[in-house]
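Hello,

Here is the structure you asked about, with the sequence alongside. My notes on what was found in it follow below.

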Amino acid sequence: MKGRILRRAVKLIDDALDLARRGEIELARDYVTLAKEYCSKTRTKLPLNYKRKVCRKCNVPLIPGVTERRRIRGKILIRTCLLCGWTRRYDLRKNKGENKEAKDGRNRR
Ligand SMILES: [Zn+2]
């Protein structure tokens, strides 16, 4: 039962990312909001990598160069949501997973 809910929520976020890439920001935001509601109502936890794909504040899917700005200052990755200005810093020295994600983001530019 939980697996099904999780799959559906994850699918919603994947679809939201696609929509955002095509410029359908408002619709994408609705999808993410729905996925988050789904998870909180059913007490399902989204995987961390999916949580990091969306803005925590305004629920917009974060796509580098479209809805998100990524800057690397020293060993710190700074992610900024271009829609609401939410920023988050990741220390690249501490987390290997984040390190990889940061490199991917750079390559896509
Ligand atoms: Zn935002």
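The zinc ion has four protein donors, Cys-55, Cys-58, Cys-81 and Cys-84, each through its SG atom and lying 2.3 Å from the metal. Please keep in mind that this is a predicted model. The angles that the four donor atoms subtend around the zinc ion run from 105 to 113 degrees, so the arrangement is tetrahedral; the cut-off for that term is that all angles lie between 85 and 135 degrees.

Along the chain, the zinc donors follow the spacing C-x2-C-x22-C-x2-C. Cys-55 sits in the loop between α3 (48-51) and β1 (68-73), while Cys-84 sits in the loop between β2 (76-81) and β3 (87-91), so this pair ties together parts that are 29 residues apart in sequence.

Those two cysteines also have their accessibility listed. Cys-55 is buried, at a relative accessible area of 0%. Cys-84 is partly exposed, at 30%.

Next, the strands. Three of them form an open sheet in the order β1-β2-β3, and the pairing is antiparallel. Each of β1 and β3 has a single partner strand and stands at an edge, so one side of each is left without a neighbour in the sheet. From one strand to the next, the twist averages 20 degrees.

Between β1 and β2, the antiparallel pairing extends over six bridges. As for individual positions, Arg-73 stands opposite Ile-76 in β2.

Regards

Note on methods:
Residues are numbered from 1 along each chain as its sequence is written. This is a predicted model: local features need pLDDT of at least 70, side-chain atom pairs count only at pLDDT 80 or more; totals for chains, interfaces and linings use all residues. Side-chain values use heavy atoms; hydrogens and water are left out. Donors are N, O and S atoms within 2.8 Å of the metal (3.2 Å for Na, K and Ca); water is not among the atoms, so sites may look incomplete. Four donors count as tetrahedral if all angles lie between 85 and 135 degrees; four count as square planar and six as octahedral if opposite donors are over 155 degrees apart and all others between 65 and 115; anything else is irregular. Helices (H or I, at least four residues) and strands (E, at least two) are DSSP runs, numbered from the N terminus. Buried means under 20% relative accessible area, exposed over 50%, partly exposed in between (1.4 Å probe, protein chains only). Two strands pair if DSSP finds at least two bridges between them. Axes are lines fitted to C-alpha atoms, for helices over the stretch in contact, and angles run from 0 to 180 degrees between N-to-C directions.
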